[in-house]
Amino acid sequence: MNHMEIASSQNSEDLPPLLLKAVEEVIAGKYLNAFLDILHFQSTNAWTPDMLKKIMGYFHDQEVIFTTSTLQISIKNNLENLLNQPKQLLSDFQQTDHQQFQTAMKFLFSSKKHHLELGSVVLDLDGIRERVFQSPGINRTLFLITLEKCFVTLSAMECVDILSQILRVSSVSYLQPAIISNLPKDLQEDAFRNLSVVFKDLYDKTTANAQRALYDWMKQILQKSYSASELNESASWVSAENLWILGRYMVHLPLEEIMKISLTEIKQFISYDNATKQLDTVYDITPELAQAFLERINSSGFDMRNTSTIYRQGHSKWMLEPFAKRLGLLVCFYDDMGEMEATVARVLLHQMIKCNHLRGFQAEVHKLKAQLLDIAMQNQTLNDTLGSLSDAVVGLTSGQLESLSPAAVHNAISTLNQVSGWAKDQIMVLSSKYLTHEKVLSFHNISQMGALVTGISTQSFYSMNPKELSQVIRGTLSQYASDLSPAQQHGILSKMIAPRDFPSSVTDIQGAFFKEVSLSALWKETGFNSSMMKEKELRRSQALYLYELLSKKTAPADLLSTGQLVKGVTCQQIERMSTDSFLNHFRLFEKHLELLSPYQVNCLAWKFWMDSNTSIPPFLLSVLPAQYLESVSDSLCVPFLISLGKTELDLLILDSHKKNAVLQKVQECLNGSIDDEYDVDVLGNLICHLPPAAIRGGMSLQAMAAALHQFKFCHQLSHEQKTEIKSRLIELYGSPRNWTAETTLDIGPFIALLTKDELNVLAEKFPDTILQIAKMAGPAPLPEEFLSTVFETVHNSTVLIAASNHGTGCIGIRAPSSDEIIKLGEANAFWSVQELQCMGTDTFIKNVELLGTVTGFNKSQLIALKEKAKQVWGMLPDWKKYHIISLGYIALALNESEIRELDLNSIDTVAALSQQTEWTPDQATSILQGFLEDSSQTVNELKSFHLAGLGANLCALNTTDIKSIRITEFSAVVSRVGMLTCSTPLLQEFKKMAESVFGIATGWNSSVMHEIGTIAGGLHEEELKALDKDLMPYFQPAAIRHIPAEIFKVLSPEQIANLGPENAAMVTKLQSQYLSALQLQSLQLALDGARTSIQDAQEGAGTTQSMPTPVSSCADGFSAGCSIWLCALFILHPTF
């Protein structure tokens, strides 16, 4: 043995076996194994200074060239690469031994160690853990490797705990039927119970197919305790204990299995203390299953109709209400009304308040409540029983509520304030009754009202004591602020924000209320501090003013950590930050990314690029000019996709050309294909922007199965994308004729893409599922074919009830019923005009507000409903305030003369009408004039809350009227007026009013410019030309569209280049047609998110070799080496 061999042998002998193993793994390139061995070694051994020296010596002996710094970098880079390659990480994890796997799980889920220190080699363990749990692909790997290795490596209880933690921090979409089938089936009882609890907690997050698969897995294990001879046609494996273990999965029991459950077992189950909690959560139970359970419960000895029986069950002293409570949501389907006592009916009604949580079948619940309501009120007046009717009172008509005495409402307020689902007219009637009894509006009586506070009139709020109001907005009103109309909000604020009271009141104004405080009011306050901002919502104009004000005396970290104040950070303030300060605070910007404007994000990207382009978060490259995407190397692709997939691309990039360039880079990073679930994980929200061709030919079926869950959250899929999704769904699941109820539910809103024939097949098989999907649909309008299928499904399943006593024109006509109207929702648009005309009076009264929300009614249908309202409520002058408010869209059918007949004395009535945006100019004029005449006011007498309540109807004013508005009142609602889309002459007049508040237009700053909104569309040519270029990004986007094209053209190229991406995207085609070539180049600069300072552009373009090289001049025709945006910059700054 020579000298070198002896030395090598000595070094290896000096190293502990585990460290030697780790070193050899590093040499072999098995960095994960080495990392885990070192972690384990350090957890059980003390690290001595000479160990690193021995390790380096061993490397040297093996002719492996490492220094301590290159070793640290190598380990860090390899771990980093693994975190960007979750499939490779899965493979590497599969090669770990038992001890290494156990160390990995301990490190991830129970270790408190922050750093790994090996002499001078230091690894950030917290950073690694954070990266692991923030990466969707890594979470999938952890889930899969835990299922594969954990149960053969660790104890079952430990594995259940680990699985629980992984599932709670990651996407439960990993729980697919194929994966669930591999769950261990030989778990010990405690481990099985604990894992079952995890799956019960995650029930709502799993797909319908996964729920069914988990039920099958649980059933398989639970049945093991029964011998084959015990499980016969008449015996059931479902014991009381098994029902409890199943939890919410009990809704997957077949009907025949429920009917086989032993009466002894069902009786025992219903007696469990926790049975109520379980039955309270079976939100997706069907009427058939619920009634089967009720039948078994009743057969076991509990007779719900017989109060005395309920009192003396067995050896227990059951009280009626506690027993009814034990039924949970089963009570929502109790249908045995024979000889029921009023006491029992009231108890059942009290328990049925929870039925609003059911996923469907609300029409059936409404019907049952109505029946119980009739029984509960037998031989008693409504005044006497009101407090005992629970939320069944929602079924009372406004006429019935009108008959109540104020004392009865006062006495029942503790019940009424817990009820949800009120219609607006009901709220108004009950609020009026309650306050009539109370006489004076105070903090105490408002705090008793719950949701009924939204029925308090604006004038009543305005009449309150300011000190009482300050208490109210911190109490009950705070949770209902968003339900108040603009008129109500400003009625409250105008009373609170009096000049002498404002300094002491501003700290009391929290949440959404603060968002309505005017900018001019903020100017008068000097006592702001950053801590006040944490509980307030801010408009961007408020944030711009307050950030600038507070930044003079408060550190950036304190301001940015408030959240809402990030809206007010300007580009100049970002640029003035030192590099260290910016990098230290960037996490606060990133945390509140959804609050930032596209312009602010662009500023952050440029700041990062200029100060630290090597560490720029990859998603920020997408908002820089398209050529900067070239710096996304192959190694950066995964971080780029993950970070971009966590954002909302439509909010980040508004220019379609720019977005296409980004999506092209995404395709390049994916190598043109989406192969599996891991690629879907990485894409995140980007999946919503995949081009149709990528969905059609670039996505495997395996990936499509995982992508379906993501596609459901996409709100703006194009018709072409939807067409391809539909095609892939058929490819994945086969013909809709063969779909199960679970598959239909999982496909969800995408069933609307099917043909009418395919929809009819599903509707025939699963009518309740179709209705449930229709109810769950988002804000996007549903296709006509789908709504038509929903209508036919409901129409055909309802017993024919011909219209009666509605005139000869209704003979043989089928009139809509309440049940049908509730089930149909938007599909009510398919009732014929004649059917609507023949609707029963009671049906109309109970459902007018719901019908008023249907957007699909045509003009003839709306007129038919308006005429029905006249028939039911009488002459127009006799209509009460709550009648008008409940009309919703139906009010649009009122013509100008009819509007003038209405009693529009109340600003609350007008505010409700103002919520409709489709009024014609003549209708708006009638509303405005009707309010002024009926309230006996002139424009000069209008208060701020009147202006806020009038809303878009203010556009019916003439220029003379606008001049007469009082400045003090106007100043309080400038931001509200700035949301209106009035004509240019009116905007010009409002601009003059704004100058009376904020000074001459040429002196406005960023906060004022944003505050005035569309009023900026009233600026004259000279005023527009005089604006500083740095103000251009602070126009509200809507304001850009309202600048007349012939005035917009006077903006200089430099001003246009400074519009920012969001405002540049708002420039209309007509405005563009008025621009010169140079102005259009500047517009492209803004759209691209380019720097508008030549010095910045030169520095930015020259920072990396991958960027285009700047040139000193451009020919008249752009050469291949000179980009349009860079040439435009040189043209804009010829002195460069």
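How many disulfides does a search of the whole structure find? The search finds 7 disulfides, a disulfide being a pair of cysteine sulfur atoms within 2.5 Å. This is a predicted model, in which local features need pLDDT of at least 70 and side-chain atom pairs count only at pLDDT 80 or more, while totals for chains, interfaces and linings use all residues. Residues are numbered from 1 along each chain as its sequence is written, and side-chain values use heavy atoms, with hydrogens and water left out.

**Cysteine 571 and cysteine 603**
- A disulfide with an S to S distance of 2.0 Å joins cysteine 571 to cysteine 603.
- The S-S torsion of cysteine 571 and cysteine 603 is about -115 degrees, so this disulfide is left-handed.
- Cysteine 571 lies in helix H38 (residues 571-576) and cysteine 603 in helix H40 (residues 598-612), so the pair ties together parts 32 residues apart in sequence; helices are DSSP runs of H or I with at least four residues, numbered from the N terminus.
- Both cysteine 571 and cysteine 603 are buried, meaning under 20% relative accessible area (1.4 Å probe, protein chains only).

**Cysteine 688 and cysteine 714**
- The sulfur atoms of cysteine 688 and cysteine 714 are 2.0 Å apart and form a disulfide.
- This link of cysteine 688 and cysteine 714 is left-handed, with -80 degrees about the S-S bond.
- Cysteine 688 and cysteine 714 are both buried.

**Cysteine 810 and cysteine 838**
- Cysteine 810 and cysteine 838 form a disulfide, with 2.0 Å between their sulfur atoms.
- Their link is left-handed, at -95 degrees about the S-S bond.
- Cysteine 810 counts as buried at 6% relative accessibility, and cysteine 838 is buried at 1%.

Notes. Helix = DSSP H or I, 4+ residues; strand = E, 2+ residues; numbered from the N terminus. Buried < 20%, exposed > 50% of the residue type's maximum accessible area, 1.4 Å probe, protein only.
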